[in-house]
Amino acid sequence: MTLWLTRAIPQIILATTPESYSDVSPAPYWYIFANQLANIPSYQIIWTLTAQYLTACSSGARKLNQGNADICVNWAGGLHHAKKSEASGFCYINDIVLAILELLTYHHRVLYVDIDIHHGDGVEEAFYNTDRVMTASFHKYGEYFPGTGGVKDIGVNKGKKYSINFPLMDGIDDQSYQSIFKPIMSKIMETFQPGAVVLQCGADSLAGDRLGCFNLSLKGHAACVQYMKSFNVPLMILGGGGYTVRNVARCWANETGVLLDEKLSEEIPYNEYYEYYGPDFNLHITPSNMENHNTKKYMEDTK
């Protein structure tokens, strides 16, 4: 882990509690929490949670490397904003980077795909100058966190043209999203020919997300998962953002079914959280009538 991550970060997270955070000098925390103090809570069990999602990613990557699985899923992972020396955007340690590094011990090339509404900046930054990892991110751009991921951000040195960014505007719907996602990913798979794929499935790109401004249905979001699965390349599926919690659960339950080739019932079965899914108690959500600011000309010109 410390081959990439600044060695002090795990110790700092481990030592951070609400009491210690307020009682000690901020200096030791500054470079890890940077300007994200309002965005990243600190509490006693954070290292336990961090260790769990990191362990799940690294063990999943090893299973893929050893041929013990063709698909590994970790919905607790996908913390794509964390950097080598700082936490960022609700993300403490970047499990995706560590999983990709593990995959690179066996596969010569690894593809990272990000369908979270936010740009996968931490992953892109980690591999910005290498041709062994290609990153492809489809995200909201322009006065929106983290403010990176312009179409001209394509990598440097050996990594030039190995970072792919498709900046999107408010209101993108299923049809518009698939009109770019499938042809772009088809070309990338044809030319890059990765030995393994990591797909970050942030659910904040769904319609109705509290922090999002896209208009995807569960079917539109899941179509990306189904499409990447169709290439039959070792595949790691990760979670990510999502701030309308009932829809996050809907999304990742549905996509687990897609990965297992199991069609889920439209009626949500009774459970202890059943009331959260009212008033219709259905699996799928209905996109809104918000305007799609991604014109056909813009999409074609950017593609």
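**View 1. Helix H7 lies across S2, S3, S4 and S5, running at about 175 degrees to S3.** For that angle, axes are lines fitted to C-alpha atoms (for helices, over the stretch in contact), and angles run from 0 to 180 degrees between N-to-C directions. Contact here means heavy atoms within 4.5 Å. Helices (H or I, at least four residues) and strands (E, at least two) are DSSP runs, numbered from the N terminus. This is a predicted model, so local features need pLDDT of at least 70 and side-chain atom pairs count only at pLDDT 80 or more, while totals for chains, interfaces and linings use all residues. Residues are numbered from 1 along each chain as its sequence is written, and side-chain values use heavy atoms, with hydrogens and water left out.

**View 2. Six strands make an open sheet, ordered S1-S6-S5-S2-S3-S4, with parallel pairing.** Two strands pair if DSSP finds at least two bridges between them. At the edges stand strand S1 (71–74) and S4; each has a single partner strand, so one side of each is left without a neighbour in the sheet. From one strand to the next, the twist averages 10 degrees. Zoom in on S2 and S3, which run parallel, and you'll find five bridges joining them.

**View 3. The largest nonpolar core holds 45 residues, and Leu111, Phe138, Phe181, Met185 and Met228 have the most contacts inside it.** A nonpolar core is a set of buried Ala, Val, Leu, Ile, Met, Phe, Trp, Tyr and Cys residues joined through side-chain atoms within 4.5 Å. Buried means under 20% relative accessible area, exposed over 50%, and partly exposed in between (1.4 Å probe, protein chains only). Among the elements giving two or more residues to this core are strand S2 (110–114), strand S3 (133–140), helix H7 (174–192) and helix H8 (218–229). Center the view on Met185: skipping its neighbours within four places in sequence, Met185 is in contact with Leu111, Val113, Ala136, Phe138, Tyr227, Met228 and Phe231. There's also a second, separate core of 19 residues, including Cys57, Ala61, Ile100 and Met236.

**View 4. Val225 sits in helix H8.** H8 itself lies across S1, S2, S5 and S6, running at about 175 degrees to S5. Val225 is buried, with a relative accessible area of 0%. Ignoring residues up to four places away in sequence, Val225 touches Leu199, Cys201, Ile237, Glu255, Val258 and Leu259. Take Val225 and Ile237: they are 12 residues apart along the chain, and their C-alpha atoms are separated by 8.3 Å.

**View 5. Helix H5 (residues 95–104) is mostly covered, with eight of its 10 residues buried.** The buried residues in question are Asp95, Ile96, Val97, Leu98, Ala99, Ile100, Leu103 and Leu104. They pack against helix H4 (46–66), S2, helix H6 (121–126), S3, S5 and S6.

**View 6. Residues 23–38 have a pLDDT below 50.** pLDDT is the predictor's confidence in each residue, from 0 to 100. Across the protein the mean pLDDT is 89, and 85% of residues reach 70 or more. Beyond near neighbours in sequence, the 23–38 stretch still has 31 contacts in the model. As for the rest of the protein, there are 10 helices and six strands, and buried residues make up 51% of the 303 residues.
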